[in-house]
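Hi everyone, thanks for coming. Let me put the structure on the screen, and then we can walk through it together.

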Amino acid sequence: MGSRHLEKIFYFIIMVMMILSLTACSENREIIHYADAESFEAALNKGEKLEGKIVRFVAGELKPDSAFGYNIWAGEHLNFVSSRDPGIKEGDTVAVKATAIEYVSGSWIIRYEKVDHAVLDDSTISLDHAAVSASPDGSGDGAGADSTNASDREETTDSEEGSGDGASADLTNTSGSAETTDSEEGSEDGSTADLTNASAPEETSASTDTSEAAETAGLTDESDPAEIHVSTDGSGHAAMDGSAASSEKADSGSTSGSAEQPLELVDSGWCISSQSGDIVYIDFCEMIYNPNKDVIASFPTAIATVRHSDGHILATKEQMGSIVMPGDTITLCSFLSIPASGVTDDMQIIFDVDWVEWEHSTSTHSAVKTTDFAITNVSESSSKDQSFVTGEITNHYSEDINKVYLSMILRKDGEIVYIDDTYLDRLRSGKTKAFQFWRYDEWPEHDTIDISALVWSG
């Protein structure tokens, strides 16, 4: 057989291998289900369940300090949110997989995972192939807007009737909604957002079932163990002076038929988490108690305001939660940013609490108390590059929970030295699921680990 013939065979084999390789790469790529934000929003407005679906969209305005975290606006009422900067710039075209979706006050709150190398195919839905229907609040403008409409949204300081004296959170990029950002000027209470209630599904009566107090677990590392606080009121935190939060509060509160008592801020704190250039990032947390016996506080809001030593406002931030059941205590965490020049010994951080409305039954969230979750088997470990706190959470409530919000606070001698939060999906009734917190560094020196759970959706 001649050398020229062998060379042809060799090149033929190379070409076949290249074709097979390209085919395999193509098959491994994930398919984009929705080619644009508008078709994705139209499907949401029709009531379709889109968790696990991949959508491609053009990033609109970026809101790093929104109430829900790092918020990317898209479409008409889409908010793609994450706990950290995803590295996406305004105008970027990105593909993400939706991991959890909520409808809050007229807008869609979407948590996601970035997807690389996703491709379009014949099954991909675009605006031309997606029916545009009325949004869930009946406004009829749920889809079809250009993604650049974010800049046209108005700011407002009008408070929604019945929202309380404090400020409500910057929820969404809905047309006409308020924008709450880190501000150099403003009142101590911060900006107040227009919170438009969405139409709600059939109401579910609030449950009075509670589980036994969650048991505590020791640490498995060889260093001096930090104490794990899981208090009997289910809040899973200690007071600022290091003592456990009082469980006797569950027996106090208003009686049926009496006027509602406001939510109480029973504990709060902050710590500097990082610095980037001349910007300092501050984590903060609030523990919020509902003293009433028969009413539920919907959408509780933790408010932090940073005041410069000369009195002017450096920044303000609001973090909205889900519900606070009667006699229950929840923990909410968030972060804000200020100029490094504003960090002085006499800088003040002022905490406040607000809520949207009182309800006798909840139609938005399951009527779960923090005491319906048991947090156990908590331990910590560290390596050269990463540190972990792990544990397990059990759902003792009678229903499955779609999403649980977990917060972790590390303290040293009663002072907060680290704050973090995360989310856990699909915690079924009676089941136990593992969770973890982690960071690319060692944990700050601490002697207590405070972990709290709150129903987020479902």
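Before any names come up, a word on the labels: helices (H or I, at least four residues) and strands (E, at least two) are DSSP runs, numbered from the N terminus. Please keep in mind that this is a predicted model, in which local features need pLDDT of at least 70, side-chain atom pairs count only at pLDDT 80 or more, and totals for chains, interfaces and linings use all residues. Residues are numbered from 1 along each chain as its sequence is written, and side-chain values use heavy atoms, with hydrogens and water left out.

Let's begin with a pocket. On a 1 Å grid over the protein atoms alone, a pocket is an open set of points where a 1.4 Å probe fits, with protein on both sides within 12 Å along at least five of seven lines; lining residues have an atom within 4 Å of a point. Grid points are joined across faces, edges and corners, and a volume is the space filled by probe spheres set on the points. The second largest pocket comes to about 740 Å³. Its lining has 23 residues, and those closest to the centre are Ser-83, Arg-84, Asp-421, Thr-422 and Trp-438. Two or more lining residues come from each of β4 (78-82), β6 (107-114), β22 and β23 (432-439). Which element gives the most to this lining? That is β22, with seven residues. By class, we find nine nonpolar, five polar and nine charged residues; here Ala, Val, Leu, Ile, Met, Phe, Trp, Tyr, Cys and Pro count as nonpolar, Asp, Glu, Lys and Arg as charged, and the others, Gly among them, as polar.

Now to the aromatics. Rings of Phe, Tyr and Trp (its six-membered ring) pair if their centres lie within 6.5 Å; planes under 30 degrees apart count as stacked, over 60 as edge-to-face and the rest as tilted. By this rule there are eleven aromatic pairs. One is Trp-355 with Trp-358: the centres are 5.1 Å apart and the planes are at 50°, so this pair is tilted. For burial, buried means under 20% relative accessible area, exposed over 50%, and partly exposed in between (1.4 Å probe, protein chains only). Trp-355, at 11%, is buried, while Trp-358, at 22%, is partly exposed.

Tyr-423 and Trp-456 have ring centres 5.4 Å apart and planes at 70°, so they are edge-to-face. This pair links distant parts of the chain, with Tyr-423 in β22 (residues 415-427) and Trp-456 in β24 (residues 448-457), 33 residues apart. Tyr-423 is partly exposed at 23%, whereas Trp-456 is buried at 2%. Arg-111 also lies over the face of Tyr-423, 4.1 Å from the ring centre; the rule asks for NZ of Lys or CZ of Arg within 6 Å of the ring centre and within 35 degrees of the ring normal.

Last, the strands. Two strands pair if DSSP finds at least two bridges between them. Strand β10 (residues 279-289) has nine of its eleven residues buried. With β9 (residues 264-276), β10 pairs in the antiparallel sense over eleven bridges, and Ser-274 has Tyr-281 in β10 as its bridge partner. These two strands form a hairpin with two residues between them, and Gly-277 in the turn has a positive phi of about 65°. β10 also pairs with β15 (residues 329-339), antiparallel, over eleven bridges, with Ile-279 opposite Pro-339.
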